[in-house]
Amino acid sequence: MDSDFIQKERYFKAQKKVKAIKGFYTHLTIYCIVIPIIIYVNLTFEPHFHWFWFSTLGWGTGLFFHWLGVFGFNLLGFGKDWEEKKIKEFMNENK
């Protein structure tokens, strides 16, 4: 009985993670489609003032934090127990 509950819980966590990853890639795709359109419109109709930077940097910052929320610090090397992993890595190097 407990095993079934644990399996379901793990499944729902995995499902939630997959949904978050899918949401991030959707966000990234829309960013990659819309930002060039904004740049084109800006440079076509008002080339002397580059206001597209506000959208690009603002939305890009939001996209970065979305990425950080989905993938966490793991990809930066600072995931769970990173200190322990580094200690073990350095201990193994000195053998």
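The following legends describe close-up views of a predicted model.

**Figure 1. Overview of the predicted chain and its helices.** The chain contains 3 helices and 0 strands, and its elements follow the pattern α-α-α when read along the sequence. Helix α1 spans residues 2-45, while helix α2 covers residues 52-71 and helix α3 covers residues 82-93. Of the 95 residues of the chain, 16% count as buried. Among the contacts in the chain with a separation of 6 or more, 60% are made by residues 24 or more positions apart.

**Figure 2. Confidence of the prediction along the chain.** The average pLDDT of the chain is 87, and 87% of the residues score at least 70. Helix α2 has the highest mean pLDDT among the elements of the chain, at 94, whereas helix α3 has the lowest, at 76.

Figure 3. Asn42 is located in helix α1. The residue has a relative accessible area of 0% and is therefore classed as buried. A polar atom of the Asn42 side chain lies 2.9 Å from the backbone oxygen of Phe49. When its neighbours within four places in sequence are left aside, Asn42 is in contact with Pro47, Phe49, His50, Trp51 and Phe52.

**Figure 4. The salt bridge between Lys8 and Asp4.** The count for the model comes to 1 salt bridge. The side chains of Lys8 and Asp4 meet in a salt bridge, with an N to O distance of 4.0 Å. Both residues belong to helix α1, where they are 4 residues apart, about one turn of the helix. Lys8 counts as partly exposed because its relative accessibility is 47%. Asp4 has a relative accessible area of 44% and is likewise partly exposed.

**Figure 5. A nonpolar patch on the surface.** Ile33, Ile37, Tyr40, Val41 and Phe45 make up a nonpolar surface patch of about 570 Å². One of these residues, Phe45, lies in helix α1, which comprises residues 2-45. Phe45 counts as exposed because its relative accessibility is 67%, and the cut-off for this class is over 50%.

Figure 6. Thr56 lies in helix α2. With a relative accessible area of 14%, Thr56 is buried, because this class takes in values under 20%. Apart from its neighbours within four places in sequence, Thr56 is in contact with Tyr31 and Ile35.

Figure 7. Lys19 has its place in helix α1. This residue is exposed, with a relative accessible area of 61%. Lys19 and Val70 are 51 residues apart along the chain, and their C-alpha atoms are separated by 9.7 Å.

Methods. Residues numbered from 1 in each chain as written. Predicted model: local features only at pLDDT ≥ 70, side-chain atom pairs only at ≥ 80, totals over all residues. Heavy atoms only, no water. Patch = residues over 30% accessible without salt bridge, like charges linked within 9 Å, V, L, I, M, F, W, Y side chains within 5 Å. Areas by Shrake-Rupley, 256 points an atom, 1.4 Å probe, with all protein chains shown as cover. Helix = DSSP H or I, 4+ residues; strand = E, 2+ residues; numbered from the N terminus. Buried < 20%, exposed > 50% of the residue type's maximum accessible area, 1.4 Å probe, protein only. pLDDT = per-residue confidence, 0-100. Polar contact = N/O pair within 3.5 Å; in protein donor to acceptor, adjacent residues only side chain to side chain. Contact = heavy atoms within 4.5 Å.
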